[in-house]
Amino acid sequence: MRKLLVNLYVSLIRDRVKRHRVREILRPSPPRVFDSDFMSGSREEFIRTGSYRPSVSVVVPCYNHRKWLKQRLDSILSQTYENYEVLLLDDCSTDGSREVLTEYAERYPEKIRCLFNESNSGCVFRQWARGLAECRGDLVWIAESDDWCEKNFLETLVPYFLHSVSFYDHPTGASAS
């Protein structure tokens, strides 16, 4: 079962079209809240104008990581790259993690959505799959809740996705270039 979930996760990360289809199956698509005009031009235009600013969904799965949550969430919310959303997932933590997640969601309602399980899923891969299904962004970052990052993490990494061929496969089947 674990291998199957890992393979599903990897295939969803690699295949943007598949990720969007899974999202459509699991729930109706919400209206987009991010600016995705970057999909309308050619690769050369993105490089020339520097207008490559895809939205990033930051998925933070959590289970009993209260001890590290504030440092993790502060490091995400202080990113120099600003076009992102944060999905906070909790798998029925017993250490007060959910209260910390709720506090941050209330402080940053424009950036954060919470997805709390009613019963423990027993598997972090289920949390990842749920986070992927709920993403609205063009890129996905699974940010484990017991870690942290530098302020320029997204600013540094996002430009590398400009050169990813599979990135240009639009969910409608149309090519952006």
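First, a caution. The model is predicted. Mean pLDDT is 79 for the protein, and 65% of the residues reach 70 or more. One is residues 28-42, with 31 contacts beyond four places in sequence. Another is residues 165-177, with 28 such contacts. Where pLDDT is low, predicted coordinates should not be read in detail. So I leave those contacts there.

Now the sheet. It is open and has four strands, in the order E3-E2-E1-E4, with parallel pairing. Which strands form the edges? They are E3, residues 112-116, and E4, residues 139-142; each pairs on one side only. From one strand to the next, the twist averages 20°.

Look at E1 and E2. E1 covers residues 56-62 and E2 covers residues 84-90. Seven bridges join them in the parallel sense. Within that pair, Val59 sits opposite Leu87 of E2.

Two helices next. H4, residues 66-77, packs on the sheet and touches E1, E2, E3 and E4. The direction of H4 makes about 160° with that of E2. H5 also packs on the sheet, touching E1, E2 and E3. The direction of H5 makes about 155° with that of E3.

Finally, find Leu101. Leu101 lies in H5, residues 97-107. Is Leu101 buried or exposed? Buried, because its relative accessibility is 0%. What does Leu101 touch beyond four places in sequence? Its contacts are Cys62, Leu69, Leu73, Leu88, Leu89, Asp90, Cys114 and Phe116. Take Cys62: 39 residues away along the chain, yet the two C-alpha atoms are 9.1 Å apart.

Note on methods. Residues numbered from 1 in each chain as written. Predicted model: local features only at pLDDT ≥ 70, side-chain atom pairs only at ≥ 80, totals over all residues. Heavy atoms only, no water. pLDDT = per-residue confidence, 0-100. Contact = heavy atoms within 4.5 Å. Buried < 20%, exposed > 50% of the residue type's maximum accessible area, 1.4 Å probe, protein only. Pairing = 2+ DSSP bridges. Axes fitted to C-alpha atoms, helices over the stretch in contact; angles between N-to-C directions.
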